[in-house]
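Hi everyone, thanks for coming.

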Amino acid sequence: MGPKITVLMSVYNEEKYLRESIESILNQTYSDFEFLIFDDASNDGSKAILKEYQKKDSRINLVLNETNRGLSYNLAEGVLISKGNWIARMDADDIAFKNRLELQLDYIKNNPEIDVLGSYVLDINEKGNEIELRKLPTSHKEIKSLIWTCPFIHPSVMFRRDAIIKAGSYNRNLRRRQDYDLWFRCCAAHLKFANMDTPIIYYRCTNEYFRKNDFKVQVNQAIMGYKGARLVEASPVAYLGITVAFLKGILPTTLRRPVSRALKKFDPRRR
C-alpha cells in the first residue's frame, strides 16, 4: 500500500531557503508520505542540495528537468505521477509547521466531503521574522462566493488527487497564477472547499513577489479572473473586485506595497 500523501514541490534557483523548507517536510510528525520534487533546471546550488537530501531520505522522489518548464508544467506532471491519494503543495521558500500534514489529515478524516483544504498562514519576511497572521474564509459557502479573490494560500493547500484531475488539473501552459485558474475550474466542477482556522505554514513575503508580478502578469490575471467569474456565474461585485485588483497591481512597485497595505481592510478574504 503506497503513501496516503504526496508532498509536491517545484524548485528553480531556490538555494537560499531550500534546506529549511525541505527539513520542515522531512521532520513532520506524520511520516508516511512521498516527497515529489521537481528541479526545473536550476543553475544555482539547488540541484546539489536536492541530490544530497535524496541520498539521505528514501521518501524523496526527485525529477530533474533538462530544461526549464515552469511551475504549472511541473505541478501538472506531479499530479499525474504522484503516488498519494492526497497531494500537499509546498513551495521551496516556505516552512511547514511540524504537524502540518497531521493536522490536515485529521481535518479530512473528520470532514470526508472536503476535496481542497487550505489554511491560515503566518507571513514571514526574508529573515524569517513574523509579519502577520493571514486569515481566510473557512467554510465552503464563503470560499465559493469569494473564489474570484483566490481565497486559498497555494502552498498551504492539500487536495484530493482524483478530484483535481476531474477538474482538469493545472494548466501546464500557464507561467503564473496557475492556482487562481485551477480554483475557478474546481468551483465549476462542484468540488468541496475548506480552510482550517489555524496556520500550518510560514509563508515567505519578500520584495521578489512584487518584482515577479509585473504588468504582464497582472493583465493575464485580470483576463483569467473575468473568464473565471463568467465560468462560475459570479456576481457583478466580482468583476469590480477583479478590476480594482488589476489597477492596484499595475502601480509602480514603490507604490504597490503601501497601497496594498492600505486596501487590506477592504479585502473580502481577510477576517
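Before we start, one definition: a residue is called exposed when its relative accessible area is over 50%, and buried when that area is under 20%. Also keep in mind that this is a predicted model.

Let's begin with helix α9, residues 215-231.

Which residues of α9 are buried? They are V217, Q218, Q221, A222, M224, G225, G228 and A229. These residues cover an arc of only 165° around the axis, which means they sit on the same side of α9. Now turn to the face pointing away from that buried side: there you'll find the exposed residues F215, K216, K227 and R230. Just after α9, E233 has a positive phi of about 55°.

Next, the partner helix. α9 packs with helix α10, residues 236-249, at an angle of about 175°, and their axes are 9 Å apart. The two helices are therefore roughly antiparallel. On the α9 side, the residues that meet α10 include Q218, A222 and Y226; on the α10 side, Y239, I242 and F246 are among them. By class, this contact has 10 nonpolar, four polar and one charged residues.

Last stop: S21, in helix α1, residues 15-26. Is S21 buried or exposed? Its relative accessibility is 0%, so S21 counts as buried. Leaving aside neighbours within four places in sequence, S21 is in contact with M9, M90, D91, A92, D93 and D94.

Methods. Residues numbered from 1 in each chain as written. Predicted model: local features only at pLDDT ≥ 70, side-chain atom pairs only at ≥ 80, totals over all residues. Heavy atoms only, no water. Helix = DSSP H or I, 4+ residues; strand = E, 2+ residues; numbered from the N terminus. Expected span 1.5 Å × (residues − 1). Buried < 20%, exposed > 50% of the residue type's maximum accessible area, 1.4 Å probe, protein only. Arc of directions from axis to C-beta. Axes fitted to C-alpha atoms, helices over the stretch in contact; angles between N-to-C directions. Parallel < 35°, antiparallel > 145°, perpendicular 65-115°, else oblique. Contact = heavy atoms within 4.5 Å. Nonpolar A, V, L, I, M, F, W, Y, C, P; charged D, E, K, R; others polar.
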